[in-house]
Amino acid sequence: MKSGDTHIKYDHFHFPRLLELKCSSCNSKSIATNESVPLEIEHFIDIADFNRTWKYKCVTCIKKQDLNWEELKAFELWNKIEIRNETVWAWNSKHLELILMSLRKENTKSHQWQYFVNYLPKKWLQKIKKESDFKKIELLLS
Ligand SMILES: [Zn+2]
């Protein structure tokens with residue numbers, strides 16, 4: 001899978017405030033934050049080219065830069081795992097938490113990422129049903 005694929009499956013104008021990525025220099029976890037968006041907002045709709053700049057910062061090495069949405073696509077997502085030939089991925093751990101809850105058929109109505117339940121690939125829901133699969137996703141969240 002090309003790394004860029006994972007960023008474009010959702011509504012074209014819907015963006016996460018925070019992305020967890022794999023650092024291109026040291027392979028550690030890195031974070032890209034859109035600082036124009038208030039902290040309490042997890043994801044936002046932008047139809048007017050508002051401010052698509054994320055501040056990239058690696059947790060481990062010194063890599064730090066400002067990146068736009070297109071440039072972010074060059075990075076691998078941190079929350080990504082192969083399960084039953086499906087690539088389960090999320091922009092960040094809260095997003096992944098919602099995915100796990102949905103796969104477990106838990107109630108997600110009050111979850112901050114509830115909006116994205118509608119975008120869950122049907123194949124994930126059909127194929128990922130076993131507790132052992134859920135545990136693999138849980139490991140990513142721990
Ligand atoms: Zn790094």
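**Close-up 1. Helix 2 and helix 4 cross at roughly 160 degrees.** In this predicted model, the axes of helix 2 (residues 93–103) and helix 4 (residues 131–141) come within 10 Å. Helix 2 is therefore roughly antiparallel to helix 4 (a term for angles over 145 degrees). Axes are lines fitted to C-alpha atoms, for helices over the stretch in contact, with angles from 0 to 180 degrees between N-to-C directions. Helices (H or I, at least four residues) and strands (E, at least two) are DSSP runs, numbered from the N terminus. Residues are numbered from 1 along each chain as its sequence is written. Because the model is predicted, local features need pLDDT of at least 70 and side-chain atom pairs count only at pLDDT 80 or more, while totals for chains, interfaces and linings use all residues.

**Close-up 2. Residues of helix 2 meet residues of helix 4.** From helix 2, Ser93, Leu96, Glu97, Leu100 and Leu103 take part; their counterparts in helix 4 are Phe134, Ile137, Glu138, Leu140 and Leu141. Contact requires C-beta atoms, placed from the backbone, to lie within 7 Å.

**Close-up 3. Asn85 lies in the loop between strand 7 (79–83) and strand 8 (86–90).** The phi of Asn85 is near 65 degrees, a positive value in a residue other than glycine. Asn85 is exposed, with 7 other C-beta atoms within 10 Å (exposed stands for 12 or fewer such atoms, placed from the backbone).

**Close-up 4. Lys105 lies in the loop between helix 2 and helix 3 (122–127).** Lys105 is not a glycine, yet has a positive phi of about 60 degrees. Lys105 is exposed, and 9 other C-beta atoms lie within 10 Å.

Key: Parallel < 35°, antiparallel > 145°, perpendicular 65-115°, else oblique. Contact = placed C-beta atoms within 7 Å. Buried ≥ 20, exposed ≤ 12 C-beta atoms within 10 Å, placed from the backbone.
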